Amino acid sequence: MDRRFLGESLNKVDGKGRVSIPAKFRRVLQNCDKDYAPGGAPRLYIAYGDPKKNYLECLSGDAFDQIDQMIQQLTPGSPLKKAMGYLYYTKCDATVLDDTGRLVLSQAAREKIDVDGEALFQGHGDQFHILKPSEASAADEDYEAMLAEMGQDDAYFDPLAAAYRELEARKVEPVE
(Lines give C-alpha, C1' and ligand atoms only; values in the text may rest on other atoms or scores of the structure.)
Protein backbone atom coordinates (compact mmCIF):
# COMPACT_ATOMS: atom_id res chain seq x y z
CA MET A 1 0.00 0.00 0.00
CA ASP A 2 1.53 3.28 -1.14
CA ARG A 3 1.69 5.76 1.74
CA ARG A 4 4.56 8.04 0.66
CA PHE A 5 4.86 10.43 -2.27
CA LEU A 6 7.92 9.40 -4.30
CA GLY A 7 9.54 10.57 -7.52
CA GLU A 8 9.00 13.39 -9.98
CA SER A 9 6.62 14.00 -12.85
CA LEU A 10 6.37 16.83 -15.37
CA ASN A 11 2.73 17.50 -16.30
CA LYS A 12 0.94 19.92 -18.63
CA VAL A 13 -1.19 22.72 -17.19
CA ASP A 14 -3.89 24.18 -19.41
CA GLY A 15 -4.96 27.82 -19.55
CA LYS A 16 -7.65 27.26 -16.91
CA GLY A 17 -5.16 25.79 -14.44
CA ARG A 18 -6.20 22.15 -14.92
CA VAL A 19 -3.45 19.62 -14.32
CA SER A 20 -3.36 15.84 -13.94
CA ILE A 21 -1.98 14.46 -10.71
CA PRO A 22 0.51 11.62 -11.30
CA ALA A 23 -1.25 8.25 -10.91
CA LYS A 24 1.15 7.10 -8.20
CA PHE A 25 0.36 10.27 -6.20
CA ARG A 26 -3.39 9.61 -6.58
CA ARG A 27 -2.96 6.19 -4.95
CA VAL A 28 -1.15 7.78 -2.00
CA LEU A 29 -3.90 10.39 -1.64
CA GLN A 30 -6.47 7.58 -1.47
CA ASN A 31 -4.43 5.53 1.01
CA CYS A 32 -3.70 8.54 3.24
CA ASP A 33 -7.27 9.75 3.66
CA LYS A 34 -9.25 8.01 6.38
CA ASP A 35 -12.42 9.51 4.90
CA TYR A 36 -11.83 8.14 1.38
CA ALA A 37 -14.31 5.57 0.08
CA PRO A 38 -13.98 3.72 -3.26
CA GLY A 39 -15.82 5.63 -5.94
CA GLY A 40 -15.32 8.91 -4.09
CA ALA A 41 -12.55 11.49 -4.31
CA PRO A 42 -9.68 11.70 -1.82
CA ARG A 43 -9.11 14.97 0.00
CA LEU A 44 -6.22 17.17 -1.14
CA TYR A 45 -5.08 20.42 0.47
CA ILE A 46 -2.81 22.89 -1.34
CA ALA A 47 -1.01 25.44 0.86
CA TYR A 48 0.42 28.39 -1.06
CA GLY A 49 0.99 31.16 1.49
CA ASP A 50 4.54 30.71 2.80
CA PRO A 51 6.58 33.45 1.12
CA LYS A 52 9.82 31.49 1.63
CA LYS A 53 8.57 28.56 -0.45
CA ASN A 54 8.67 28.64 -4.26
CA TYR A 55 6.32 25.68 -4.50
CA LEU A 56 2.83 24.58 -3.59
CA GLU A 57 2.73 22.31 -0.54
CA CYS A 58 0.24 19.51 -1.23
CA LEU A 59 -1.13 17.48 1.66
CA SER A 60 -3.29 14.37 1.85
CA GLY A 61 -6.41 14.42 4.00
CA ASP A 62 -4.67 12.64 6.88
CA ALA A 63 -1.59 14.90 6.71
CA PHE A 64 -3.81 17.99 6.79
CA ASP A 65 -5.78 16.54 9.72
CA GLN A 66 -2.51 16.18 11.68
CA ILE A 67 -1.60 19.82 11.00
CA ASP A 68 -5.12 20.93 11.91
CA GLN A 69 -4.94 19.01 15.19
CA MET A 70 -1.56 20.58 15.97
CA ILE A 71 -2.89 24.10 15.27
CA GLN A 72 -5.90 23.49 17.52
CA GLN A 73 -3.56 22.56 20.39
CA LEU A 74 -1.48 25.75 20.13
CA THR A 75 -2.02 28.57 22.60
CA PRO A 76 -5.05 30.63 21.54
CA GLY A 77 -4.05 34.03 20.20
CA SER A 78 -0.33 33.19 20.13
CA PRO A 79 1.73 34.44 17.18
CA LEU A 80 2.53 30.83 16.22
CA LYS A 81 -1.16 29.83 16.18
CA LYS A 82 -2.00 32.91 14.11
CA ALA A 83 0.83 32.18 11.65
CA MET A 84 -0.09 28.51 11.29
CA GLY A 85 -3.76 29.42 10.84
CA TYR A 86 -2.85 31.90 8.15
CA LEU A 87 -0.64 29.40 6.28
CA TYR A 88 -2.90 26.35 6.56
CA TYR A 89 -6.41 27.86 6.73
CA THR A 90 -6.35 31.24 4.97
CA LYS A 91 -3.72 30.48 2.32
CA CYS A 92 -4.76 26.90 1.65
CA ASP A 93 -7.26 25.39 -0.79
CA ALA A 94 -9.22 22.21 -0.16
CA THR A 95 -9.72 20.58 -3.53
CA VAL A 96 -10.75 17.30 -5.11
CA LEU A 97 -9.68 15.42 -8.20
CA ASP A 98 -12.12 14.84 -11.03
CA ASP A 99 -12.80 11.38 -12.51
CA THR A 100 -9.68 11.61 -14.69
CA GLY A 101 -7.34 12.54 -11.83
CA ARG A 102 -7.17 16.23 -12.65
CA LEU A 103 -7.55 19.24 -10.41
CA VAL A 104 -7.90 22.94 -11.03
CA LEU A 105 -5.21 25.08 -9.42
CA SER A 106 -6.67 28.27 -7.99
CA GLN A 107 -5.55 31.58 -9.43
CA ALA A 108 -3.64 32.33 -6.20
CA ALA A 109 -1.82 28.98 -6.40
CA ARG A 110 -0.94 29.51 -10.07
CA GLU A 111 0.39 32.99 -9.32
CA LYS A 112 2.44 31.66 -6.38
CA ILE A 113 4.51 29.41 -8.63
CA ASP A 114 4.09 31.43 -11.84
CA VAL A 115 3.03 28.26 -13.67
CA ASP A 116 3.05 28.52 -17.45
CA GLY A 117 2.18 25.41 -19.44
CA GLU A 118 3.92 22.80 -17.27
CA ALA A 119 4.24 21.96 -13.60
CA LEU A 120 6.73 19.69 -11.89
CA PHE A 121 5.44 17.34 -9.19
CA GLN A 122 8.01 16.23 -6.62
CA GLY A 123 7.37 13.60 -3.98
CA HIS A 124 8.49 14.50 -0.46
CA GLY A 125 7.30 11.56 1.62
CA ASP A 126 4.22 12.74 3.50
CA GLN A 127 3.54 15.56 1.02
CA PHE A 128 4.29 16.53 -2.54
CA HIS A 129 5.27 19.82 -4.08
CA ILE A 130 4.16 21.44 -7.31
CA LEU A 131 6.60 23.93 -8.76
CA LYS A 132 7.66 25.65 -11.92
CA PRO A 133 10.06 23.30 -13.76
CA SER A 134 12.77 25.96 -13.94
CA GLU A 135 12.82 26.10 -10.12
CA ALA A 136 13.81 22.43 -9.85
CA SER A 137 17.49 22.98 -10.65
CA ALA A 138 17.71 25.63 -7.90
CA ALA A 139 16.13 23.16 -5.45
CA ASP A 140 18.61 20.47 -6.53
CA GLU A 141 21.48 22.88 -5.93
CA ASP A 142 20.13 23.74 -2.47
CA TYR A 143 20.00 20.06 -1.52
CA GLU A 144 23.48 19.44 -2.92
CA ALA A 145 24.82 22.35 -0.85
CA MET A 146 23.05 21.07 2.27
CA LEU A 147 24.48 17.57 1.80
CA ALA A 148 27.96 18.98 1.24
CA GLU A 149 27.65 21.02 4.44
CA MET A 150 26.33 18.05 6.42
CA GLY A 151 29.19 15.89 5.16
CA GLN A 152 31.72 18.68 5.57
CA ASP A 153 32.70 18.08 1.94
CA ASP A 154 33.61 14.43 2.68
CA ALA A 155 33.34 12.66 -0.69
CA TYR A 156 32.22 9.48 1.12
CA PHE A 157 29.54 11.07 3.31
CA ASP A 158 26.45 8.83 3.48
CA PRO A 159 23.27 10.57 4.71
CA LEU A 160 21.54 7.22 5.34
CA ALA A 161 24.36 6.12 7.66
CA ALA A 162 24.17 9.52 9.40
CA ALA A 163 20.42 9.04 9.92
CA TYR A 164 21.00 5.63 11.54
CA ARG A 165 23.67 7.15 13.82
CA GLU A 166 21.28 9.93 14.87
CA LEU A 167 18.50 7.47 15.66
CA GLU A 168 20.91 5.29 17.61
CA ALA A 169 22.13 8.31 19.61
CA ARG A 170 18.53 9.25 20.40
CA LYS A 171 17.71 5.61 21.27
CA VAL A 172 15.05 5.44 18.57
CA GLU A 173 14.57 2.10 16.84
CA PRO A 174 14.90 2.39 13.04
CA VAL A 175 11.78 1.39 11.14
CA GLU A 176 12.08 -2.03 9.55
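**Secondary structure and the annotated domain**

Helices and strands are here DSSP runs, a helix having at least four residues and a strand at least two. On that basis, the span of residues 8-51 in this predicted model is 20% helix and 27% strand, and its end C-alpha atoms lie 23 Å apart. An unreviewed UniProt entry places the feature "domain: SpoVT-AbrB" at residues 8-51.

The protein as a whole comprises six helices and eight strands. Read from the N terminus, their order is β-β-α-β-β-α-α-β-β-α-β-β-α-α.

**Overall dimensions and surface**

Along the principal axes, the C-alpha atoms occupy a box of roughly 45 × 40 × 35 Å. Of the 176 residues, 35% count as buried. Among contacts between residues at least 6 apart in sequence, 61% join residues at least 24 apart.

The protein carries 22 positive and 31 negative side chains, with the centres of the two sets 7 Å apart.

**Nonpolar cores**

The largest nonpolar core holds 23 residues; Ile21, Leu44, Leu56, Leu103, Phe121, Phe128 and Ile130 touch the most other members. Two or more residues each come from helix H1 (23-31), strand E3 (44-47), strand E4 (56-60), helix H4 (107-113), strand E7 (118-123) and strand E8 (127-131). H1 gives the largest share, three residues.

Setting aside residues up to four places away in sequence, Ile21 touches Asn11, Arg26, Leu44, Leu97, Gly101, Leu103, Phe121 and Phe128. A second, separate core has 11 residues, including Ala47, Phe64, Leu87 and Cys92.

Technical notes:
Residues are numbered from 1 along each chain as its sequence is written. This is a predicted model: local features need pLDDT of at least 70, side-chain atom pairs count only at pLDDT 80 or more; totals for chains, interfaces and linings use all residues. Side-chain values use heavy atoms; hydrogens and water are left out. UniProt positions are given in the numbering used here, feature names are shortened, and annotations may be inferred rather than shown by experiment. Buried means under 20% relative accessible area, exposed over 50%, partly exposed in between (1.4 Å probe, protein chains only). Contact means heavy atoms within 4.5 Å. Lys and Arg count as positive and Asp and Glu as negative; His and the chain ends are not counted. The place of a charge is taken as NZ of Lys, CZ of Arg, CG of Asp or CD of Glu. A nonpolar core is a set of buried Ala, Val, Leu, Ile, Met, Phe, Trp, Tyr and Cys residues joined through side-chain atoms within 4.5 Å.
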